[in-house]
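Hello,

Please open it first, then read the notes below.

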Amino acid sequence: PSATVRFVNGGLKRLNLDRLDIVFMHDPDEGVSLQPGRGPYDVSHFDAAMTHAYSILAEWRRQGVIGAIGVGMNQWQMLADFAHAGEFDCFLLAGRYTLLEQEALTTFLPLCAQKHISVIIGGPYNSGILATGIFLTYLVPDTLLFIPLYQIVRGLWLLNNYCGMVW
């Protein structure tokens with residue numbers, strides 16, 4: 001059987017369940033888009049995911065074996081392609097919609113809203129700016145952006161630590 005069949009059947013057996021709520025196809029770009037100098041399509045298993053995995057998952061969703069089909073990855077560009085190509089229930093956008101990077105807001109998120117695809121924002125704070133002001137996958141923002149954002153974050157931190165407010 002295919003890797004998808006083995007994975008889902010193995011999960012059902014290990015969890016002692018007859019149904020899974022959500023099954024995500026994970027990193028069909030192998031996560032390379034996070035590497036410096038690599039683009040969102042440098043590695044792509046999009047065709048294989050749609051031809052093999054998606055067709056099996058869609059049938060299992062129809063049968064009630066799984067409740068929802070999703071894709072989880074770090075970039076939004078290929079997720080938009082999945083939104084156009086199939087009937088997905090949710091996407092896990094793990095790091096490309098953050099306080100500092102909001103490009104997905106212009107095209108990807110409206111597309112998901114139009115197609116009624118839920119989006120889980122997996123790393124809204126992954127830049128590290130809330131903890132340290134150090135950026136893990138970003139260039140240092142220009143000072144005009146950084147100073148007001150730093151002041152906002154510091155104000156939230158002060159409220160949380162000195163007033164007992166949780167944000």
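**Aromatic pairs and the core**

There are 6 aromatic pairs in this structure, which is a predicted model. A pair of rings is described by the distance of the centres and the angle of the planes.

Take Trp-76 and Phe-108. Their rings form a tilted pair, with 6.5 Å centre to centre and 35° between the planes. The pair links distant parts of the chain, 32 residues apart. Trp-76 sits in the loop between β2 (66-73) and α3 (77-85), while Phe-108 belongs to helix α4 (residues 108-115). Trp-76 has a relative accessibility of 11%, so this residue counts as buried. Phe-108 is also buried, because its relative accessible area is 0%.

Phe-108 has a second aromatic partner, Phe-91. This pair is tilted as well: 5.9 Å centre to centre, 35° between the planes. It too links distant parts of the chain, with Phe-91 in strand β3 (residues 90-93) and Phe-108 in helix α4, 17 residues apart. Phe-91 and Phe-108 are both buried.

What else does Phe-108 contact, leaving aside its neighbours within four places in sequence? The list is Trp-76, Leu-79, Ala-80, Phe-91, Leu-93 and Val-119.

The rings also group together. One aromatic cluster is formed by Phe-46, Tyr-54, Trp-76, Phe-82, Phe-88, Phe-91 and Phe-108.

**The nonpolar core**

The largest nonpolar core has 34 residues. Which of them touch the most other members? They are Met-25, Phe-82, Phe-88, Phe-91 and Phe-108. Two or more residues come from each of α1 (3-15), β1 (20-26), α2, β2, α3, β3 and α4. Helix α2 gives the most, with 7 residues. In soluble globular proteins, nonpolar side chains tend to be buried together.

**How α2 meets α3**

Two packed helices are described by the angle between their axes and the distance between the axes. Helix α2 (residues 46-63) packs against α3 at an angle of about 35°, and the axes are 11 Å apart. The crossing of α2 and α3 is right-handed.

On the α2 side, the contact residues are Phe-46, Ala-49 and Met-50. On the α3 side, they are Met-78, Asp-81, Phe-82 and Ala-85. By class, this contact of α2 with α3 has 6 nonpolar residues, no polar residues and 1 charged residue.

Phe-82 is worth a look on screen. It takes part in the contact of α3 with α2, and it is a member of the aromatic cluster.

Best regards

Key. Residues are numbered from 1 along each chain as its sequence is written. This is a predicted model: local features need pLDDT of at least 70, side-chain atom pairs count only at pLDDT 80 or more; totals for chains, interfaces and linings use all residues. Side-chain values use heavy atoms; hydrogens and water are left out. Rings of Phe, Tyr and Trp (its six-membered ring) pair if their centres lie within 6.5 Å; planes under 30 degrees apart count as stacked, over 60 as edge-to-face and the rest as tilted. Helices (H or I, at least four residues) and strands (E, at least two) are DSSP runs, numbered from the N terminus. Buried means under 20% relative accessible area, exposed over 50%, partly exposed in between (1.4 Å probe, protein chains only). Axes are lines fitted to C-alpha atoms, for helices over the stretch in contact, and angles run from 0 to 180 degrees between N-to-C directions. A crossing is left-handed if the near helix is turned anticlockwise from the far one by less than a right angle, and right-handed if clockwise. Contact means heavy atoms within 4.5 Å. Ala, Val, Leu, Ile, Met, Phe, Trp, Tyr, Cys and Pro count as nonpolar, Asp, Glu, Lys and Arg as charged, and the others, Gly among them, as polar. A nonpolar core is a set of buried Ala, Val, Leu, Ile, Met, Phe, Trp, Tyr and Cys residues joined through side-chain atoms within 4.5 Å.
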